[in-house]
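The following exercises guide a reader who is new to this structure. Please examine the sequence and the model before reading each solution.

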Amino acid sequence: MPIGLLTLEIHLPYAHSLKEKRLVVQKIKDRLRARFNVSVAELDHQELWQRSLVGVVSISSDQQNLEIVLDAVERESARVLGGDLVATEKNFF
């Protein structure tokens with residue numbers, strides 16, 4: 001049973017407080033959970049104003065289906081975050 005992890009490296013140069021950053025991060029987390037039924041959490045840089053590392057996890061009985069879901073999550077993240085999405089990485093276990 002494969003498990004997929006997608007990490008999203010986010011840079012928010014316009015955020016001047018943790019509150020501004022949390023609004024953006026919470027928006028993307030809520031959107032991905034609602035649209036794709038995945039687990040989403042902020043993994044690192046919680047204390048920094050302009051950076052975030054968000055992890056998205058899904059599990060499936062079929063790795064091909066899992067790849068399709070994580071690809072769709074990656075596209076939606078890029079659409080919502082635009083240039084704020086610096087890097088992504090996918091891993092399967």
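Accessible areas come from the Shrake-Rupley method with a 1.4 Å probe, and for residues only the protein chains shown count as cover. On that basis the chain exposes about 5400 Å², of which carbon and sulfur atoms supply 53%.

This is a predicted model, in which local features need pLDDT of at least 70 and side-chain atom pairs count only at pLDDT 80 or more, while totals for chains, interfaces and linings use all residues. Residues are numbered from 1 along each chain as its sequence is written, and side-chain values use heavy atoms, with hydrogens and water left out.

**Exercise 1.** Determine in what order the elements of the chain run from the N terminus on.

*Solution.* Step one is to apply the rule for elements: helices (H or I, at least four residues) and strands (E, at least two) are DSSP runs, numbered from the N terminus. Step two gives 2 helices and 4 strands. Step three places them in the order β-α-β-β-α-β. The radius of gyration, taken over C-alpha atoms, is compared with the globule rule, 2.2 Å times the number of residues to the power 0.38. The chain has a radius of 13 Å, close to the 12 Å that the rule gives for 93 residues, so it is as compact as a globular protein of that length.

**Exercise 2.** Identify the residues with the most contacts inside the largest nonpolar core.

*Solution.* A nonpolar core is a set of buried Ala, Val, Leu, Ile, Met, Phe, Trp, Tyr and Cys residues joined through side-chain atoms within 4.5 Å. Buried means under 20% relative accessible area, exposed over 50%, and partly exposed in between (1.4 Å probe, protein chains only). The largest core has 17 residues, and Leu8, Ile10, Leu32 and Val56 have the most contacts inside it. Strand E1 (3-11), helix H1 (18-36), strand E3 (51-59) and helix H2 (63-81) each give two or more residues to this core. The largest share, 4 residues, comes from H1.
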